[in-house]
Amino acid sequence: MECISVFDMLKIGVGPSSSHTLGPWRAAERWIKELKDKKRFDKVEKISVDLYGSLSLTGKGHATDYAVMLGLNGADPERMPTENIDIIISNIKNTNTLVFNNEKTLPFSIDTDIRFNKKFLPFHANALTFTATINGRNYKSTFYSIGGGFVVKEERKNAKANKIIFYCTFPYPTQNGVELLKYCKDLNLPISGVVLENEKSIRDTETIDAELKRIWNTMLECMYIGCHTEGELPGGLNVRRRAYDMHQKLKGELPYNSPEEWLQVIRQTEVKFRQILKWVSCFALAVNEVNASLGRVVTAPTNGSAGVIPSVLMYYMVIENHEADFKHIKQFLLVAGEIGSIFKKGATISAAMGGCQAEIGVSSAMAAGALCELLGGTPEQVLMAAEIAMEHHLGLTCDPIGGLVQVPCIERNSMGAIKAINAAELALDSDPTKAKVPLDKVVNTMWETAKDMNSKYKETSEGGLAVGVNLVDC
């Protein structure tokens with residue numbers, strides 16, 4: 001059984017894509033470690049990278065080439081100043097060299113040493129192969145970015161079935177919703193309580209709290225930056241940032257000087273139904289505008305869907321409960337992470353495998369269940385909320401215009417957030433024992449839908465809006 005921590009589902013990184021940016025970045029880091037473990041790193045004379053499938057087809061728009069170079073250069077996506085990205089890339093372009101792991105300078109041409117191959121490898125749609133030349137001999141290593149920043153190699157049992165074998169050390173391991181509910185009943189704990197017990201088996205409480213605070217602070221700062229940055233997004237579509245203008249109309253006149261003060265000021269603004277819709281949308285747009293501009297976000301469960309969970313949690317804190325504090329943030333993130341892990345185990349969180357239902361659909365389900373528990377829902381109602389949210393995202397395609405995580409991706413985060421809130425409310429007013437579709441059934445259905453979906457709707461920009469909208473008109 002796969003053992004997935006909340007910190008696996010919620011990762012801090014750089015936009016615009018978890019599968020196309022963060023995953024390849026992490027793959028480069030893993031390759032460097034692999035070379036060092038085999039005592040080859042110091043002997044490397046030249047390096048190159050081949051991108052396959054979806055990584056090739058939408059790699060330029062998703063900054064996959066940038067991510068690979070940054071990873072090879074030894075930059076850390078969690079902590080490096082994002083303003084340094086352009087500096088590092090420009091240096092590689094101008095000098096035709098790369099400082100491998102920030103240790104040794106190697107010849108490297110962006111034009112010839114990163115190759116885009118439209119061919120798909122059998123194991124997964126997102127594949128990349130690194131090649132190191134030592135004494136004239138090439139050593140190759142292939143990695144697969146399977147969504148949400150997760151990276152694997154194919155040398156595992158059941159590789160042909162696309163199943164990855166792990167040994168879980170959690171005291172209460174879960175594969176699906178039925179198992180999770182049994183633990184809740186046996187332990188007399190809410191879902192967040194069961195998840196916390198699992199996390200405590202691998203980390204101490206202080207570390208758990210510190211990392212969850214770091215995740216929330218990154219989310220809050222991301223919303224803050226997005227709401228206070230105007231202009232157009234990079235990439236060539238000339239997409240205007242909208243969060244700034246929306247925020248200017250909503251924020252009122254009270255002063256503030258930090259993200260924390262900003263949160264308190266929002267609590268004092270007018271609250272009507274239209275304002276709530278606008279605030280939630282504003283928060284979601286803000287995050288994904290930051291993501292689209294290679295800013296720092298929290299993968300939740302992917303970068304393309306990074307705005308849903310922060311915006312729904314922010315909604316709870318500034319609209320539903322003005323007394324909300326870290327205790328509520330912790331509870332929300334623990335539940336969200338667990339629901340996301342159920343979808344990853346039973347289906348996919350990769351748009352290249354399942355379309356946008358695997359990104360926005362899963363993030364909406366995660367947020368719906370987490371909000372439901374904060375609002376007093378039972379474990380059964382929490383899973384019902386997650387099911388409702390996903391049920392109404394089934395079949396959602398991934399067809400980014402120009403291969404960029406902008407249109408329709410940014411707006412979809414606001415739609416997913418609103419659906420999550422609605423799903424939580426529906427579940428709270430429902431009897432889960434009378435539900436016609438349990439969570440595990442919708443997970444299975446999502447995976448079957450993903451397998452049936454045409455590849456042109458799976459993050460290849462070969463169908464849907466990606467070809468239906470003329471780039472000249474943009």
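This report walks through the overall build, the open and closed spaces, and a handful of residues in one predicted protein model.

## Before you start

The model is a prediction, so local features are described only at pLDDT of at least 70 and side-chain atom pairs count only at pLDDT 80 or more, while totals for chains, interfaces and linings use all residues. Residues are numbered from 1 along each chain as its sequence is written, and side-chain values use heavy atoms, with hydrogens and water left out.

## The overall build

Let's begin with the whole chain. There are 20 helices and nine strands in the protein chain; these are DSSP runs numbered from the N terminus, with helices being H or I of at least four residues and strands being E of at least two. The chain's radius of gyration is 22 Å, close to the 23 Å that the globule rule gives for 474 residues, so the chain is as compact as a globular protein of that length. (That radius is taken over C-alpha atoms, and the rule is 2.2 Å times the number of residues to the power 0.38.) Along the principal axes, the C-alpha atoms fill a box of roughly 65 × 50 × 45 Å.

Of the 474 residues, 58% are buried. Here buried means under 20% relative accessible area, exposed means over 50%, and partly exposed is in between, using a 1.4 Å probe and protein chains only. The chain's accessible surface comes to about 19,300 Å², and 50% of that belongs to carbon and sulfur atoms; the areas come from the Shrake-Rupley method with a 1.4 Å probe, and for residues only the protein chains shown count as cover. As for contacts (heavy atoms within 4.5 Å), take those between residues at least 6 apart in sequence: 76% of them join residues at least 24 apart.

## The largest pocket

Rolling a probe the size of a water molecule over the atoms shows where empty space is left. The search runs on a 1 Å grid over the protein atoms alone: a cavity is a set of points where a 1.4 Å probe fits but cannot get out, a pocket is an open set with protein on both sides within 12 Å along at least five of seven lines, and lining residues have an atom within 4 Å of a point. Points are joined across faces, edges and corners, and a volume is the space filled by probe spheres set on the points.

The largest pocket has a volume of about 490 Å³. Its lining has 22 residues, with Asp8, Lys11, Gly149, Phe150 and Val151 nearest the centre. Helix 1 (6–9), strand 1 (11–14), helix 2 (18–37), strand 8 (150–152) and helix 9 (205–227) each supply at least two lining residues. By class, the pocket lining has 11 nonpolar, one polar and 10 charged residues. (Ala, Val, Leu, Ile, Met, Phe, Trp, Tyr, Cys and Pro count as nonpolar, Asp, Glu, Lys and Arg as charged, and the others, Gly among them, as polar.)

## The closed spaces

The chain also has three cavities of 30 Å³ or more. The largest cavity has a volume of about 120 Å³, and 15 residues line it, of which Gly304, Glu359, Cys398, Val405 and Cys409 lie nearest its centre. Its lining has eight nonpolar, three polar and four charged residues.

## Three residues up close

Lysine 278 sits in helix 12 (residues 273–292) and is partly exposed, at 33% relative accessibility. Beyond its neighbours within four places in sequence, lysine 278 is in contact with Met246 and Leu250.

Glycine 377 is in the loop between helix 16 (360–374) and helix 17 (379–391). It is buried, at 14% relative accessibility, and touches Cys372, Val382 and Leu428, not counting residues up to four places away in sequence. Alanine 347, in the loop between helix 14 (326–346) and helix 15 (351–354), is buried too, at 12%. Leaving aside neighbours within four places in sequence, alanine 347 contacts Val443, Met446 and Trp447.

## Backbone details

Two cis peptide bonds are worth a look. The bond from alanine 300 to proline 301 is cis, with omega near 0°, and proline 301 falls in the loop between strand 9 (296–299) and helix 13 (308–320). Another cis bond joins valine 407 and proline 408, with omega about 5°; proline 408 lies in the loop between helix 17 and helix 18 (409–428).

Phi of asparagine 101 is near 55°, a positive value in a residue other than glycine, and asparagine 101 is partly exposed at 22%. Asparagine 102 is also found between strand 3 and strand 4, with a positive phi near 60°, and is exposed at 58% relative accessibility.
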